[in-house]
Amino acid sequence: MVRIPAAAAAASGLVGGYGVARWTRKRPLGGVALAAAGSLAAYEWHRQAGPRAAAGLTVAYVAAFAGSHPLAKKVGAWPAVFAVAGGVAAASWAVTRRGAND
């Protein structure tokens, strides 16, 4: 089975969720994409770094989604989505990399 890096799954969930919602004009479909990628990322976080890291990164993922909304009012929608996706990807990489080396 091909393993997708958790950082990539998380970032693609945030970007893809917004893209799906925007292009289909159906926000629930974007939520499905966001949740599916988030679930995959959470599974990988748990597998690679343990339950505490997975819980913390899942909270960060949800907070990034929520935080992208007010940020979008200041910098625009796509820049906000890319900024929070990059932040979650960086946090994911840092935590899972450290967990893999312990």
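Searching the whole structure, a predicted model, turns up one salt bridge (a side-chain nitrogen of Lys or Arg within 4 Å of a carboxyl oxygen of Asp or Glu). The partners are Glu44 and Arg47, with their closest N and O atoms 2.8 Å apart. Both sit in helix 2 (residues 27-49), three residues apart, so about one helical turn separates them. Glu44 is buried at 3% relative accessibility, while Arg47 is partly exposed at 40% (buried is under 20% relative accessible area, exposed over 50%, partly exposed in between, with a 1.4 Å probe and protein chains only). Helices here are DSSP runs of H or I, at least four residues long, numbered from the N terminus.

Local features need pLDDT of at least 70 and side-chain atom pairs 80 or more, whereas totals for chains, interfaces and linings use all residues. Residues are numbered from 1 along each chain as its sequence is written, and side-chain values use heavy atoms, leaving out hydrogens and water.

On to the aromatic rings: four pairs are counted (ring centres of Phe, Tyr and Trp, the last by its six-membered ring, within 6.5 Å; planes under 30 degrees apart are stacked, over 60 edge-to-face, the rest tilted). Tyr18 and Trp78 make an edge-to-face pair, with centres 4.7 Å apart and planes at 80 degrees. This pair links distant parts of the chain, Tyr18 being in helix 1 and Trp78 in helix 4 (residues 77-101), 60 residues apart. Trp23 and Trp78 form a tilted pair, at 5.7 Å centre to centre and 35 degrees between the planes. Tyr18, Trp23, Trp78 and Phe82 together form one aromatic cluster.

Key
Helix = DSSP H or I, 4+ residues; strand = E, 2+ residues; numbered from the N terminus.
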